[in-house]
Each structure stands twice: as C-alpha cells, then as structure tokens.
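I opened the notebook to look up how this chain is put together.

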Amino acid sequence: MVIKVFLASSSGSTAIKKKQQDVLGFLEALKVDYAPLDIACNEDNRMWMRENVPVEKKPTNGIPLPPQIFNEESYCGDYETFFDAKEDNAVFAFLGLPPPPGSKEAKEAEKAFILENGPVENGTVEIETVESETVESGTDDAEDEENLEAEEVEEENLDDDSLKRVVPMEEFNGDEHTEEVEAEVGGETGEEAAEEATAEDAAAEEKVAKEEEEAVEDTEEATEDTPPVKQEEAQEEVEDEEAKGEDDQPVSEVDLL
C-alpha cells in the first residue's frame with residue numbers, strides 16, 4: 001500500500017506550503033513510504049484528486065485544496081483531519097496502516113479492542129500486538145533469568161559460608177560436637193545434650209578422684225609396711241659383714257701360740 005500525498009509545488013499560499021511541509025515531515029519521521037503527487041505541474045493529478053475527494057469533504061466552492069492524502073484509491077483526509085489524528089496518536093489508523101509493534105498507537109489500539117470485544121484467550125488481536133507482547137515478554141524473561149542467576153549465586157555463597165562455619169566447629173569440638181549431633185538426631189535438644197555431657201564429665205572426674213584416693217591409700221600402707229623389713233635386712237647384712245670380717249682377719253703368731 002502506497003500513501004499518496006497530493007500537493008502544489010508552486011503554490012503562492014504560505015499556509016498551504018506550511019501544511020504540506022508538516023504532512024511530509026511527519027510521514028518521514030514515522031518512516032512511512034509515500035508518493036508526492038504535484039497537482040500544479042500535472043493536470044491529471046489535479047483532476048484525479050478533485051474527482052476522488054468525497055463530496056462531503058469538499059469545501060463550499062467544490063474545489064479541494066492540497067494537501068490531500070490517499071491510501072492507494074482510498075481517501076484518508078485533508079490537513080485538518082491529519083492534524084487531529086496526529087494529536088490523538090492515531091496517524092497509522094488515519095492512513096489505514098497497521099501501527100508498528102511496541103508503538104504507543106499499537107498499545108492504545110489493543111486497549112480499545114479489548115474494551116470493545118473483551119480479552120482474547122486463545123487468539124491474537126493483531127500480528128503487531130502479538131509481536132509487541134513477544135518483545136515485552138522476552139524482556140521480562142531476560143529479567144527473570146538474571147534474577148534467578150543472582151539467587152543461585154547467593155545460595156552458593158550461603159552454602160560456602162555454612163561450610164566454612166561447620167568445619168572449624170567439627171575440628172575444634174571433636175567428640176563433643178559429634179555427641180551434640182547425635183543428640184540432635186535422637187530428638188534431644190542442644191541443652192539436654194550439653195547437660196548429659198556435663199554429667200558424664202562430672203562422673204568421670206569423680207571416678208578419677210576416687211581412683212587417685214585409693215592409690216594414695218595403697219601407697220601409704222605399703223610405706224608403713226616397708227621400713228621394718230628393710231631395717232631387719234640391713235641389720236642382717238651388718239652382722240654378716242662383721243662375721244665375715246672376723247673370718248678374714250689374719251691369724252697372728254700370738255694366736256697360734
């Protein structure tokens with residue numbers, strides 16, 4: 001579909017020139033393909049424009065003034081109707097063209113369709129609307145993926161921190177930590193496990209103290225029994241040495257005589 005804009009290149013009216021420039025400039029800004037048709041230099045263009053402008057759209061004198069806009073053979077309107085459509089963000093609807101996906105006019109057209117016909121569950125409003133929703137959903141999916149990756153990184157960091165906290169506790173506490181874990185697995189609380197461990201430690205200390213007392217008593221009894229035996233043995237050794245000394249003395253001549 002080609003948009004035809006009928007204009008007068010050599011018009012002496014400043015107002016007409018300004019209106020023509022406004023229409024062409026706005027179409028170029030929207031990147032709409034159009035074909036300018038000059039009625040000042042081409043009589044066929046002028047006659048075709050006058051014949052195809054609807055009667056109700058013609059001025060009182062019956063001669064429509066440029067710019068006049070057509071979509072192929074379909075009449076769109078003059079400058080005033082074009083200006084109103086521009087103010088209402090409905091230029092594509094004025095031109096009979098589908099609005100580009102994601103444009104403000106496309107969103108407004110979708111809202112108007114929903115208000116008129118209700119939401120469409122298993123269908124699409126227009127191809128352009130579907131494309132717009134696809135773009136928006138793609139952006140939302142990308143944001144969701146980024147949030148999911150951030151949450152996974154946070155969970156990994158938390159796991160690393162928990163491992164860093166657990167390993168030193170196992171190394172420093174040793175068996176006590178194991179006992180606490182076993183107590184928790186058996187349904188006991190940390191306080192009950194600590195009380196049991198304290199009771200066991202107290203019983204062990206009492207047992208060790210009792211054994212030490214018994215050892216001290218045995219040592220004292222042994223000490224009391226040992227001195228008399230040693231004294232007797234020492235006395236016997238002295239007597240043996242004296243007897244041996246007497247036997248070893250040399251026999252003198254006096255003794256022999």
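I began with the burial classes: a residue is buried under 20% relative accessible area, exposed over 50% and partly exposed in between, with a 1.4 Å probe and protein chains only. C76, at 16% relative accessibility, therefore counts as buried, whereas C41, at 65%, counts as exposed. I then searched for disulfides, meaning pairs of cysteine sulfur atoms within 2.5 Å, and the structure holds zero of them.

I noted the conditions before going on: this is a predicted model, in which local features need pLDDT of at least 70 and side-chain atom pairs count only at pLDDT 80 or more, while totals for chains, interfaces and linings use all residues. Residues are numbered from 1 along each chain as its sequence is written, and side-chain values use heavy atoms, with hydrogens and water left out.

**Overall make-up.** I took helices (H or I, at least four residues) and strands (E, at least two) as DSSP runs numbered from the N terminus. The chain comes to nine helices and four strands, and along the sequence they follow the pattern β-α-β-α-β-β-α-α-α-α-α-α-α. Of the 257 residues in the chain, 19% are buried.

**The sheet.** Strands pair here if DSSP finds at least two bridges between them. I found an open sheet of four strands in the order β2-β1-β3-β4, with mixed pairing. Because β2 (34–38) and β4 (74–78) stand at the edges with a single partner strand each, one side of each is left without a neighbour in the sheet. From one strand to the next the twist averages 25°; for angles, axes are lines fitted to C-alpha atoms, for helices over the stretch in contact, and the values run from 0 to 180 degrees between N-to-C directions. Strand β3 (residues 68–71) pairs with β4 in the antiparallel sense over four bridges, and F70 stands opposite Y75 in β4.

**Helices on the sheet.** I counted a contact when heavy atoms lie within 4.5 Å. Helix α1 (residues 14–29) packs on the sheet and touches β1 (3–7), β2 and β3, its direction making about 160° with that of β1. Helix α2 (residues 43–52) lies across β1, β2, β3 and β4 and runs at about 80° to β3.

**Aromatic side chains.** Rings of Phe, Tyr and Trp (its six-membered ring) pair if their centres lie within 6.5 Å, and planes under 30 degrees apart count as stacked, over 60 as edge-to-face and the rest as tilted. My search of the whole structure finds seven aromatic pairs. W48 and F70 form one that is edge-to-face, at 5.0 Å centre to centre with 65° between the planes. This pair links distant parts of the chain, since W48 is in helix α2 and F70 in strand β3, 22 residues apart. W48 is partly exposed at 23% relative accessible area, whereas F70 is buried at 0%. F70 and Y75 also form an edge-to-face pair, at 5.1 Å and 65°, and Y75 counts as buried at 19%. F6, W48, F70 and Y75 form one aromatic cluster.

**N71.** Where does N71 lie? I placed N71 in strand β3, and at 7% relative accessibility N71 counts as buried. A polar atom of the N71 side chain lies 2.8 Å from the backbone oxygen of L95. Leaving aside neighbours within four places in sequence, the residues in contact with N71 include M1, C76 and L95.

Note on methods:
A polar contact is a pair of N or O atoms within 3.5 Å; within protein, one must be able to donate a hydrogen and the other to accept it, and residues adjacent in sequence count only if both atoms are side-chain atoms.
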